[in-house]
Amino acid sequence: MSAEPPLLLMRGIVKQFPGVRALDGVDLEVRRGEVHCLLGQNGAGKSTLIKILSGAHQPDEGVIALGGEEVRLTGPTAAIRLGISTIYQELDLVDGLSVAENVFLGHERARLGFVRQGEANRATRDLLTRLGHPEIRPSTEVGRLSPAAKQVVSMARALSHDTRLIIMDEPSAALAHDEVANLFRIVRELTSRGVAVVYISHRLEEIREIGDRVTVLKDGRTAAVGLPAKSTPTSEIVSLMTGRTVEYVFPPRRPRPATGSEVLRVTGLTVPGVVEDVSFTIGAGEIVGLAGLVGSGRSEIIEAVYGARRASGEVVLEGRPMGRGRTAGRGGTAAAVRLGMGLAPEERKAQALLLDQSVAHNITLAGLGRYSRFGWLDRRRESAEARELVETLDIRPGDPDRPIKTLSGGNQQKAVLARWLVGERRLLLLDEPTRGVDVGARAELYAVIRRLADEGIGVLLVSSEVPEVLGLADRVLVVREGRIIHRADAQDLDEHRVLDMIMEGSAL
Amino acid sequence: MTDARGPKAHERSPADGTPPAAGEPHGGEARTGEAQTAGRTAAGAKAPVRGSSGPAGLARLGEARHLGLVLALVLLAAIGLVTRPENFATASNLVSILSLAATIGVITVGMTFVIIGGGIDLSVGAIMALASVWATTLATQSYGPFVMILCAVLVGTGAGLVNGFLISYGRMVPFIATLAMLVAARGLAQRMSDRKTQLIQQGNEVIVELSTTRVLGLPLLVYVFALVVAAGWVVLNRTTFGRRTYAVGGNPEAARLAGIDVRRHTMLLYALSGLCCGIAAVLIMARTTTGSSTHGDLYELDAIAAVIIGGTLLTGGRGSIIGSILGLLIFTLITNLFILNGLNTSDQLIAKGLIIIVAVLLQRRSLESRT
């Protein structure tokens with residue numbers, strides 16, 4: 001190591017959340033002017049680490065030093081003041097304000113409360129020129145810019161502070177191919193001025209191209225520190241990320257009958273720009289896993305099948321077409337539910353739960369028609385069925401009248417599954433069903449999902465965690481950039497190989 | 001094909017009959033909050049506390065969480081008794097309070113649905129005025145009182161449907177769509193009536209009898225009001241429509257993904273509000289014997305205020321009919337007290353404004369203490 005102290009040094013960082021130890025002793029060392037890549041599977045602790053660096057979370061243990069001096073990042077403002085800027089995946093720009101106003105948001109160039117717009121525009125133009133984008137006008141409204149241009153504005157904002165370290169969380173996820181080249185040019189320009197970049201990406205080819213060193217996280221621990229980004233073999237990196245130490249307990253698969261009936265047939269499903277000509281089938285009692293990165297189009301596939309997103313192509317549920325051409329026609333999700341589909345969406349709180357309401361009301365939401373006659377609710381039956389489902393799925397605490405927001409993530413997820421056990425289901429679409437769920441509850445959820453399949457329901461499972469897809473699914477579809485690039489029985493795949501495919505798309 | 005729960009569903013007998021929690025759980029803290037304010041009042045105010053927290057039946061109806069509001073009402077009544085002992089507790093005064101409350105009360109029921117469903121309806125007063133004018137044109141009146149009533153109800157519902165259509169399928173912000181309706185409906189009412197007050201003609205007095213005929217000492221229109229409240233309560237608490245209203249307002253995305261047709265539901269909510277305005281138009285025609293484009297001026301504000309005071313969240317997903325009605329009665333009682341005591345109407349407005357602020361502050365505190 002050089003004599004100069006590293007720009008950033010993190011030692012033994014521990015962060016505990018209720019039920020989960022997200023970080024369990026992470027080390028990170030970033031030098032001036034380098035691009036330091038952070039790699040790890042979902043749940044390895046990358047996001048938590050970023051949040052600690054940006055001041056959003058406080059570590060429970062561990063030391064953070066900037067330029068050799070120990071610091072405490074007590075909040076986002078403190079982090080910015082110390083020269084750490086974060087560019088999130090979902091850019092936090094205000095669409096209605098101009099480029100310059102966004103760049104100086106929160107630290108406006110002002111005198112006596114009056115914004116000095118001319119000065120801000122000039123300073124913004126300088127920053128944009130420095131970033132190689134003099135064509136973006138400071139007075140343009142941000143909402144009218146392309147995603148790539150917005151990202152440049154985000155970086156200009158980071159630079160408008162006296163920044164020494166920029167954290168980029170999957171910056172290329174929203175960019176087209178040629179825009180990525182531009183992004184790299186900017187990153188190089190930054191590092192040549194001594195700014196360090198912590199670069200998070202799942203795409204190994206990018207890391208090879210732009211990265212200097214790599215730190216690999218696994219299960220909240222550092223698996224490797226400061227590997228050379230260009231020369232470390234892919235196999236070594238992948239094997240550092242795989243083989244999780246936490247063992248999940250997967251229920252045993254049942255041998256599938258050779259002539260199981262077909263529940264779902266999807267043909268030529270296309271969502272412009274996101275999903276390209278995807279076709280697959282799901283048999284009765286079969287769990288099909290979609291393995292892919294965030295942004296690979298896997299959630300969009302699920303939403304299009306469910307009628308929650310416009311798409312072209314054909315979706316046939318048990319021989320009945322769900323609307324030709326545009327699958328998400330006027331019937332939309334209501335038709336999908338009526339015909340026997342159910343969805344456990346990715347964002348549990350935002351997309352699935354009625355947080356103010358009881359567990360029982362959340363469970364019965366989609367099946368109210370079953371307890372009603374001419375719209376009149378039979379509350380006794382509703383309550384009885386909710387209670388029974390709470391018991392069947394062992395939702396704890398076992399009180400259906402409790403507000404759902406007081407339950408743990410795993411139990412909330414069980415309630416979302418229970419919602420689809422009301423009435424007859426033929427197909428369940430599960431988008432990241434174990435996100436934010438602790439290890440014990442995961443095993444229970446796996447058992448529930450397998451049991452549903454054994455009862456004849458078809459299941460489409462999306463998960464960022466490759467071991468989960470491999471352990472739970474019967475068949476696996478590997479998705480990359482909106483296409484299915486590989487199909488195989490889960491037993492014929494291993495984690496290493498799948499991870500290799502979804503990150504590089506090379507193994508075919 | 002397969003019932004996911006398997007045969008077990010039928011083995012277990014229906015549950016022990018414990019009723020599920022009613023939709024909105026935040027009344028408890030509001031009660032303690034307001035109980036402190038009310039603690040300084042006369043001892044007489046405490047009696048009904050013991051009374052209504054006692055029987056489990058009342059608590060099951062969800063009354064318990066409105067104790068704060070009931071206390072406030074009792075407090076106001078006590079003030080009335082102390083300041084105007086000879087006028088306040090008379091039958092005629094109580095009748096006039098209830099008659100006054102009936103018109104806005106019916107509107108408030110519809111407003112409660114709309115707000116719980118995540119929207120707002122600014123056009124209620126104007127729609128009511130339009131319905132009253134349309135129902136009292138000479139042409140309509142020539143068909144007799146029942147056609148007049150039908151006309152008022154249809155005009156109200158129709159205007160509500162237009163609101164709902166613009167909001168759900170035209171993707172307009174509720175505030176803007178109903179603001180446009182407010183202006184336009186009032187304009188149309190002025191045009192139809194030529195800005196003149198239209199009297200109910202001879203032969204159509206059946207409508208006026210709603211306010212003159214009394215049963216058990218109360219005019220019929222108070223019973224209409226009670227009926228609308230009861231129907232609203234039943235729909236909100238005992239039907240799938242009501243349950244879905246909470247879902248659509250609380251988390252529209254979750255409702256959509258659970259297979260609820262959120263757009264159609266939203267449209268129906270505004271139609272329901274319009275229907276209530278139509279009924280309210282009949283009541284105001286009965287009370288004033290006229291239809292006029294000036295009826296219901298600023299009713300939207302009183303109705304929204306009543307709903308807010310009643311503990312319904314302006315962001316949707318939480319609230320109750322009973323709360324709204326109690327909020328409305330509080331408002332009406334204040335007006336009454338000010339009139340009885342010959343006080344300035346300006347001070348009355350100030351008092352009402354303060355009440356809204358206090359109610360919302362107390363509710364927020366109870367919300368925060370719960371999370």
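Colleague: Which annotation covers residues 94-116 and 146-166 of chain B?

Modeller: An unreviewed UniProt entry annotates them as "transmembrane region". Other spans of chain B with this annotation in the record include 64-82, 122-139 and 267-286. As for the chain as a whole, chain B has 18 helices and four strands.

Colleague: How does one read the side chains along a helix?

Modeller: An α-helix has 3.6 residues a turn, so residues three or four places apart point the same way. Among the buried residues are B:Tyr299, B:Glu300, B:Asp302 and B:Ile309. Just after α16(B), B:Gly311 has a positive phi of about 95°.

Colleague: What share of chain B is buried?

Modeller: Of the 371 residues in chain B, 51% are buried.

Colleague: Which residues have the most contacts inside the largest nonpolar core?

Modeller: The largest nonpolar core has 253 residues, and those with the most contacts inside it include A:Val459, A:Leu461, B:Ile107 and B:Leu130. Helix α15 of chain B (residues 262-288) gives the most to this core, namely 18 residues. To follow one case, B:Leu130 is in contact with B:Val155, B:Ala159, B:Ala185, B:Leu188 and B:Ala189, leaving aside its neighbours within four places in sequence.

Colleague: How is a sheet to be read?

Modeller: Chain A has an open sheet of six strands in the order β18-β21-β22-β15-β23-β24, with mixed pairing. In chain A, β18 (341-344) and β24 (483-489) stand at the edges with a single partner strand each, so one side of each has no neighbour in the sheet. Neighbouring strands of this sheet are turned by 15° against each other on average, direction ignored.

Colleague: In which sense do β15 and β22 of chain A pair?

Modeller: Strands β15 (residues 287-291) and β22 (residues 458-463) of chain A pair in the parallel sense over five bridges. A:Leu290 stands opposite A:Val462 in β22(A). Helix α17 of chain A (residues 495-504) packs on the sheet, where it touches β15, β23 and β24 of chain A, and its direction makes about 25° with that of β23(A). Helix α9 of chain A (residues 298-306) lies across β15, β18, β21, β22 and β23 of chain A, running at about 150° to β21(A).

Colleague: Where does pLDDT stay under 50 in chain B?

Modeller: It stays under 50 over residues 1-63 of chain B. In chain A, this holds for residues 325-330. Where pLDDT is low, the predicted coordinates should not be read in detail. The mean pLDDT is 85 for chain A and 83 for chain B. For the complex, the predictor gives an ipTM of 0.75 and a pTM of 0.78.

Notes. Residues numbered from 1 in each chain as written. Chains lettered and ligands numbered in written order. Predicted model: local features only at pLDDT ≥ 70, side-chain atom pairs only at ≥ 80, totals over all residues. Pairing = 2+ DSSP bridges. Helix = DSSP H or I, 4+ residues; strand = E, 2+ residues; numbered from the N terminus. Axes fitted to C-alpha atoms, helices over the stretch in contact; angles between N-to-C directions. Contact = placed C-beta atoms within 7 Å. pLDDT = per-residue confidence, 0-100. UniProt positions renumbered as here; feature names shortened; annotations may be inferred. Core = buried A, V, L, I, M, F, W, Y, C linked by C-beta atoms within 7 Å. Buried ≥ 20, exposed ≤ 12 C-beta atoms within 10 Å, placed from the backbone.
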